[in-house]
Amino acid sequence: MTQWTEAERYMMDQIRRGSDEAWSQLVERYQGRLIAFARRRARNLDAEDLVQDTFVQFLRKLDQFREQASVETFLFLILRHRLAEVHRGKRIHACELPQGEENSGGAANLPAPDPTASWYARRDEQRQAAQAALGAALGDLVHRMKERTDLQDLQILEMVFYAQLPNRQIAAEMGVEANHVALLKHRWIKQLRECMEQSTRRSSLPWDSPDAMDSLLTEIWEDQRPSCPKRSTVGGYVLGTLDEPWRRYVDFHLNRVGCSFCRANLEDLQQQSQQNAGPLRHRILQSTVGFLHKA
C-alpha cells in the first residue's frame, strides 16, 4: 500500500525534473522536524550539518526511492543512518524507553564455519522478504486498532514490540495483569505469522527463536513507524482539539514512549517562529544544488 499523498507524488515528480521551487518547498517542509530529531540524538555533534548531509543523501538516493515509504519516513531513515555512522555503527533507537539488553549468551557465541557469499546473499534475501511481509502485517494490525479506537491495546502493542519491555513492566504501566499482556502478545504474534505465511514461503522466514521476531519487529517499527500519529494529529494535540481517547494516546506516544520522530514533529510545531529556518534552508539549498538533476 502506497504511503504517498498526491501532493508528495507531484512534488517528487517535480524534484526529479530538477525544479528548484519544488526542492525548496521540500526542504522548508521537513528541515525543522529533522533538526529537532538530530538535536535530541546528536549529542555534541552539529545537528544542522547532519541535516544538511541528510538532504544531500536524499538527492543522491533519489533513484532508489519508491512509494513504499513517505517522504518524511525516508528522510528520517537517512538521518538515523547518518547518526549511526557518526556513532560508529551503533543503531539509533527512536524509542526513549529503556530497551532490553541483547542476549549475549548461548549458541550465538559458539564458533561457526565461515559463511560463503551465497549464504550471505540467501540470508539477505530471506530477511528482505521477512521485513516486507512482517511490515505489511504489522501495519494492517495497527490500522485495525486505530479504526476501532482500540488505543489501550495499541499502547500495549508499542511497549511489547517497539520498546521491548517485559510483560510485568507493561502490566504495571497499564494497570492490567501480566498474563493479560502475555495473552495479547501471543495473539498478535499468531496473527502476524498467519498474515505473513499467506504472502511468503514459511521456509523463508527467519523465526528460529522468539527473540529474532521481536528484534525484527522493533527494527520494522522504527523504520516504518506504523503507529506514529499524523503530523496533523500532533498539531491537534498541541492545540488541544483532540478527542480524549486520542489525546491520551498521543500524550502516551510522545511523553511516555518518547517517540523521537513524533517528538521532533511536536517541537517543530511548537516553534512557530522558526527564527533559524531561513539561514539553514539557504545552506541546504546551496549544498544540494549540484545533486538536483535538471530535466
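**View 1. Helices α11 and α12 of the predicted model cross at roughly 105 degrees.** Helix α11 spans residues 244-256, and helix α12 spans residues 260-270. Their axes come within 8 Å; axes are lines fitted to C-alpha atoms, for helices over the stretch in contact, and angles run from 0 to 180 degrees between N-to-C directions. α11 is therefore roughly perpendicular to α12 (angles of 65 to 115 degrees count as roughly perpendicular, under 35 as roughly parallel, over 145 as roughly antiparallel and the rest as oblique). From α11, His-253, Leu-254 and Asn-255 make the contact; from α12, Cys-262, Arg-263 and Leu-266 do. Contact means heavy atoms within 4.5 Å. By class, 3 of these residues are nonpolar, 2 polar and 1 charged (Ala, Val, Leu, Ile, Met, Phe, Trp, Tyr, Cys and Pro count as nonpolar, Asp, Glu, Lys and Arg as charged, and the others, Gly among them, as polar).

This is a predicted model: local features need pLDDT of at least 70, side-chain atom pairs count only at pLDDT 80 or more, and totals for chains, interfaces and linings use all residues. Residues are numbered from 1 along each chain as its sequence is written, and side-chain values use heavy atoms, with hydrogens and water left out.

**View 2. Helix α6 packs against helix α7 with axes within 10 Å.** α6 covers residues 151-162, and α7 covers residues 167-174. The axes cross at roughly 150 degrees. The two helices are therefore roughly antiparallel to each other. Gln-152, Gln-155, Ile-156, Met-159 and Val-160 of α6 meet Ile-170, Glu-173 and Met-174 of α7. This contact holds 5 nonpolar, 2 polar and 1 charged residues.

**View 3. Leu-157 lies in helix α6.** α6 is mostly covered, with 11 of its 12 residues buried (buried means under 20% relative accessible area, exposed over 50%, partly exposed in between; 1.4 Å probe, protein chains only). Leu-157 itself is buried, at 0% relative accessibility. Neighbours within four places in sequence aside, Leu-157 contacts Leu-141, Val-142, Met-145, Tyr-162, Trp-188 and Trp-221. Ser-227 is 70 residues from Leu-157 in sequence, yet the C-alpha to C-alpha distance is 9.4 Å.

**View 4. Positive phi values occur at Thr-149, Arg-225 and Gln-164.** Most residues other than glycine have a negative phi. Thr-149, not a glycine, has a phi of about 55 degrees. Thr-149 sits in the loop between α5 (117-147) and α6. Its relative accessible area is 38%, so Thr-149 is partly exposed. Arg-225 also has a phi near 55 degrees. Its loop joins α9 (210-224) and α10 (231-239). Arg-225 is buried, with a relative accessible area of 9%. Gln-164, with a phi near 55 degrees, follows α6.

**View 5. The protein chain holds 13 helices and 0 strands.** Helices (H or I, at least four residues) and strands (E, at least two) are DSSP runs, numbered from the N terminus. Of the 295 residues, 43% count as buried. Among contacts with a separation of 6 or more, 74% are between residues 24 or more positions apart. The accessible surface is about 16,400 Å², and 47% of it belongs to carbon and sulfur atoms. Areas come from the Shrake-Rupley method with a 1.4 Å probe; for residues, only the protein chains shown count as cover.
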